[in-house]
Amino acid sequence: MTWIRDALVVGANRGLGLELTRQLRGRGARVFATARVPSEANALAATGAEVVALDVEDEASIARAVAGVREATSTLDLVLHVAGLLHDGELQPEKKLDDVAPEHLARSFRVNATGPLLVAKHVHPLLRHERKAVLATLSARVGSIGDNRLGGWYGYRASKAAQNMVVRTVAVELARKAKNAIVMALHPGTVDTGLSAPFQRNVPPGKLFEVERAARQLLAIVDRADASYHGTFRAWDDTEIPW
Ligand SMILES: NC(=O)c1ccc[n+]([C@@H]2O[C@H](COP(=O)([O-])OP(=O)(O)OC[C@H]3O[C@@H](n4cnc5c(N)ncnc54)[C@H](OP(=O)(O)O)[C@@H]3O)[C@@H](O)[C@H]2O)c1
């Protein structure tokens, strides 16, 4: 039996979100799992999760999705915000200043920073209850300003840094409004998904996690999390990352 009775996974169509949903279902949790196009989310439906339509670039769809969840349950034990964007067709991580394109930056910010903020805006009332509640957002170590030594990837780095500020600021507000809620940003490590696929050549041996292992490591942190985790940015091995 898990302490997680009701969970919401945002961005569960593939990659880490799909595997996190699968593992939560395996533990007996009821999972509301979002996909942009539910009619095409066959692997997700096969997990037994309740598939909900949500596009983080569209606030109305976030509001509709959360309203649907609220009809089914008045509380959530866990919200995992997994949806994120590194590359998509013409949008590729910039190697140098000359590659920077405003429309690509704007989209990265819409998905990676505005998305988690809007989801928090709509979902926070469901985290106000007497049991432990976790709102965990998948960020990335490259979003750390203090840790940035390599440069490059302007849009992804800057939008993940903005996401981190969103997490920290939501943590401050929810400390007052949802006293049992633990809000944190998590770095999953480099994981073998479509997001990392074009960049795996440079990953040292043993540093590319299978998605099953990465999801297990993230859920272990969520399980362990107590009040001391609130407002922190943590890596897959549960060490803190500088903001
Ligand atoms: N993989 C890594 O090595 C790695 C490393 C560090 C951090 N992360 C972070 O971990 C998270 C998950 O990454 P992943 O590797 O699982 O990526 P992925 O395989 O590319 O999956 C991305 C997920 O985000 C969803 N998504 C993208 N845009 C969306 C939007 N506008 N609205 C709703 N959902 C949207 C996708 O849905 P569709 O299927 O509909 O596109 C998909 O489910 C991301 O936030 C990423 O930044 C990953």
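**Contacts, burial and a ligand shell**

Modeller: Leaving aside residues up to four places away in sequence, Gln23 touches Ala215, Arg216 and Leu219. This is a predicted model, in which local features need pLDDT of at least 70 and side-chain atom pairs count only at pLDDT 80 or more, while totals for chains, interfaces and linings use all residues. Residues are numbered from 1 along each chain as its sequence is written.

Colleague: What makes Gln23 a residue that "touches" Ala215, Arg216 and Leu219?

Modeller: Two residues are in contact if their C-beta atoms, placed from the backbone, lie within 7 Å, and Gln23 meets that condition with Ala215, Arg216 and Leu219. The C-alpha atoms of Gln23 and Ala215 are 7.7 Å apart, although 192 residues separate them along the chain; the contact rule, however, looks at C-beta atoms.

Colleague: Why does Gln23 count as partly exposed?

Modeller: A residue is buried if 20 or more other C-beta atoms lie within 10 Å of its own, exposed if 12 or fewer, and partly exposed in between, with the C-beta atoms placed from the backbone. Gln23, which belongs to helix H1, has 17 C-beta neighbours inside 10 Å, and therefore counts as partly exposed.

Colleague: What makes a set of residues a nonpolar core, and which members of the largest one touch the most others?

Modeller: A nonpolar core is a set of buried Ala, Val, Leu, Ile, Met, Phe, Trp, Tyr and Cys residues joined through C-beta atoms within 7 Å. The largest one here has 71 residues, and Ala7 and Val9 touch the most other members. Among the residues that Val9 touches are Leu20, Val31, Ala33, Leu80 and Val82. In soluble globular proteins, nonpolar side chains tend to be buried together.

Colleague: How do you know that the length of helix H6 agrees with what it should span?

Modeller: The expected span is 1.5 Å times one less than the number of residues; for the 14 residues of H6 (211–224) this should be 20 Å, and because its end C-alpha atoms are 20 Å apart, the two agree.

Colleague: Why are the buried residues of H6 said to line one face?

Modeller: Ala214, Ala215, Leu218, Leu219 and Val222 are buried in H6. Seen down the axis of H6, these buried residues fall within an arc of 130 degrees, so they line one face of the helix; the arc is that of the directions from the helix axis to the C-beta atoms. What covers them includes helix H1 (15–26), strand S4 (78–81) and strand S5 (133–138).

Colleague: What makes a residue part of the shell around the ligand, and how many surround it?

Modeller: A residue is near a molecule if its C-beta atom, placed from the backbone, lies within 6 Å of it, and 27 residues surround the ligand, the closest being Asn13, Gly15, Gly84, Thr193 and Leu195. H1 gives the most to this shell, with three residues. By class, the shell has 13 nonpolar, ten polar and four charged residues, where Ala, Val, Leu, Ile, Met, Phe, Trp, Tyr, Cys and Pro count as nonpolar, Asp, Glu, Lys and Arg as charged, and the others, Gly among them, as polar.

Colleague: Why is Trp153 called buried?

Modeller: Trp153 has 23 other C-beta atoms within 10 Å, which meets the cut-off of 20 or more, so Trp153 is buried. Trp153 lies in the loop between S5 and helix H5 (154–177), and has a positive phi of about 55 degrees although it is not a glycine.

How values were computed. Helix = DSSP H or I, 4+ residues; strand = E, 2+ residues; numbered from the N terminus.
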